[in-house]
Amino acid sequence: MDAVLTAFGEVLQPQVFFIIVAASAYGLMIGSIPGLTATMGTALLVPITFFLDPIPAIGAIVAATTMAIFAGDIPGALLRIPGTPASAAYTDESYRMREKGQVELALGVNMLCSTIGGLVGVAVLILAAPQIAAVSLGFSSYEYFWLALLGLSCAIFVSSSSPVKGVLSLCIGLMLSTIGIDVVMGVKRFTFGDTELIGGVSIIPVLIGMFAITEILRKVARPSRLPAPPPVRLGAMVSGVGSTIWRFKGGVARSSLLGSVIGALPGAGADIAAWIAYALSKKFSRTPEKFGTGYPEGIVSASSANNAALSGAYVPSLVFGIPGDTITAILIGVLLMKGITPGPMVFVMDTGLVNAIFAVFIIANLLMLPLGLAAVYGSRRLLSIPQDILFPIILLFCVIGAFAANNTLFDVWVMLVVGLVAFVLEENDFPLAPMILALILGQLVEENFMKSIIKADGQLTEFFARPIGGTLGMLTLAIWALLIGMSLYRATRSRRAASTGE
Amino acid sequence: MRMNDAVTGGVFVLLSALILFAARGFPTLPDQPYGPGTFPTIIAAVMMVCGLALIWSGARSRVPLLAVADWMRGAATLHRMAWVPGFVIAYVYLSKPIGFPLLVPVLLGAFLTVTTGRPVRAAAIAVLGTAALWLLFAYILRVPLPLGLLTEVIY
């Protein structure tokens, strides 16, 4: 109990609390402006967290992303444009509610369900993470190698495009992580004689390039004017919300738990959780025919699930240092820069930090209620900012952000090149999530692989000799078999489609 | 910028060949076949197999080698998009000699004029935006943003 109070005390210090509130406001803004995703917002926040202590830095990221995932629902209900991909699953449904004159109810349900989902996710995190950490203290390099590989394989498995492209995206990330001094012998690799590359590719400019520059390029090419949002009566956002959610309490509970689990899977984040929760609630619903007509049941489920996924993603990130989604991939990058290596030892050595992260999550989810109301109130103004003004300013922000981490213009180059390459890759249906996960995990994979293979003296059977390591290894191989099977199936199917098309 | 899979696959095969070649030059641990080149070699091998798979599937499809998506067509669109790398490159080369406070309002104002088509409003936003970011990064976060020409004026 003492530890919990200390954690809350630490987070509620005026300065830390101010940063959390400011980050929340920022997150609400990012989330409610269509085109700015939670991941992009986090990437842009990183240069600022660089100047903060670990706890406020993590607090800022947690608060901003929690708010952004909820705020993505606001333009969804008002304009039928999801603010972030995580809201896309139920945008139509909430817009139908607007057409029925229930826009306030939709937003109120979004807000309260986001909070409930978020809190359930935190509860799962608080209960599960230390237990898993205790088990994983006995892990050796074999287990870590398989775990990291399993995480990366999952990331490919859940990405919607072709597995081959996912693997290639993964390979790029792993290759980027090998640039610099190698972990085994300290030899310079792929530095092209450039002194800036000896320390490796820095993560901040890569993140900004991958998630912000790509989006700026798309938005600048297609300037769009948002339609005018309708007026919202705040009073109506509160009344009737409780009873609506109570009616679908089973759905809330199921989707929150489901969301936490999906979030914990590497590579699957809030958007996938929302889609699956929406589909499942339709399947389990007593009135599936009402879905798509402005019926709150699907909204209740999906908006609980996406916020739960956000918290769930922190389980593997904190316990193993294996990110559960792109946002936690960034968070791990931030922790590493602060000299904290996420892993089971953090739960032994740094319990203060772990408890503070839990406290931040609880506070951020509770803050969502008052700040969310304010955001809905201010959203008309926010949504009237023309996008053609916004994106050039964000580009300037990116340039300064990439520069600020190491105070070197070289990183601005890295940002630009990565951004352009990522843009072309995304245009050709390559998923970016495996790449960023691989870049963060690359060193962990290589280090543990090299340790293991040297220990085993080249005997690959040793990789399966330990019980947990062997199980993880078999799981990984099973996923690979599935992936290969899937791509072969796709290939034959498309060939058959091509031959019948003639 | 949609390319046929065979084109992207070819790029990956080429890249993996270069990596394989470079990785052969790395030393190995004494008395062991492994070393800094082991991991890149494995990745490059995977990359090559996947690249070949893309070439194989791309060659059978009838997708054109290179197609520009509809939304990217038009000189005006490409012009606006070219401003993104242009802006960054101009900043990299000019920020040191000219300085952030002088360069950025001009650069940002020009970019905003291109996107909004309203030069006066663009100029006002550019000046305000630069001032706000300067305040945040140079004063509050103490990032050494270059002063350039203003260095002598101030000191």
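I began with the interface: chain B and chain A bury about 5,800 Å² between them, with 82% of it on carbon and sulfur atoms (buried area being the accessible area, 1.4 Å probe, that two parts lose on being put together, summed over both). Tyr34(B), Phe39(B) and Trp71(B) supply 12% of the area that chain B buries against chain A, more than any other three residues.

The model is predicted: local features need pLDDT of at least 70 and side-chain atom pairs count only at pLDDT 80 or more, while totals for chains, interfaces and linings use all residues. Residues are numbered from 1 along each chain as its sequence is written, chains are lettered from A and ligands numbered from 1 in the order in which they are written, and side-chain values use heavy atoms, without hydrogens and water.

I looked up contacts (heavy atoms within 4.5 Å): 62 residues of chain B touch 63 residues of chain A.

Next came salt bridges (a side-chain nitrogen of Lys or Arg within 4 Å of a carboxyl oxygen of Asp or Glu). I found two between chain B and chain A. Asp429(A) pairs with Arg2(B) in a salt bridge, the closest N and O atoms being 3.1 Å apart. On chain B, the elements that each supply at least two residues of the side touching chain A include β1 (2-3), α1 (5-24) and α2 (38-60) (helices are DSSP runs of H or I, at least four residues, and strands of E, at least two, numbered from the N terminus).

Last, I checked Leu477(A), which lies in helix α23 (residues 467-501) of chain A. Leu477(A) counts as partly exposed because its relative accessibility is 33% (buried is under 20%, exposed over 50%, partly exposed in between; 1.4 Å probe, protein chains only).
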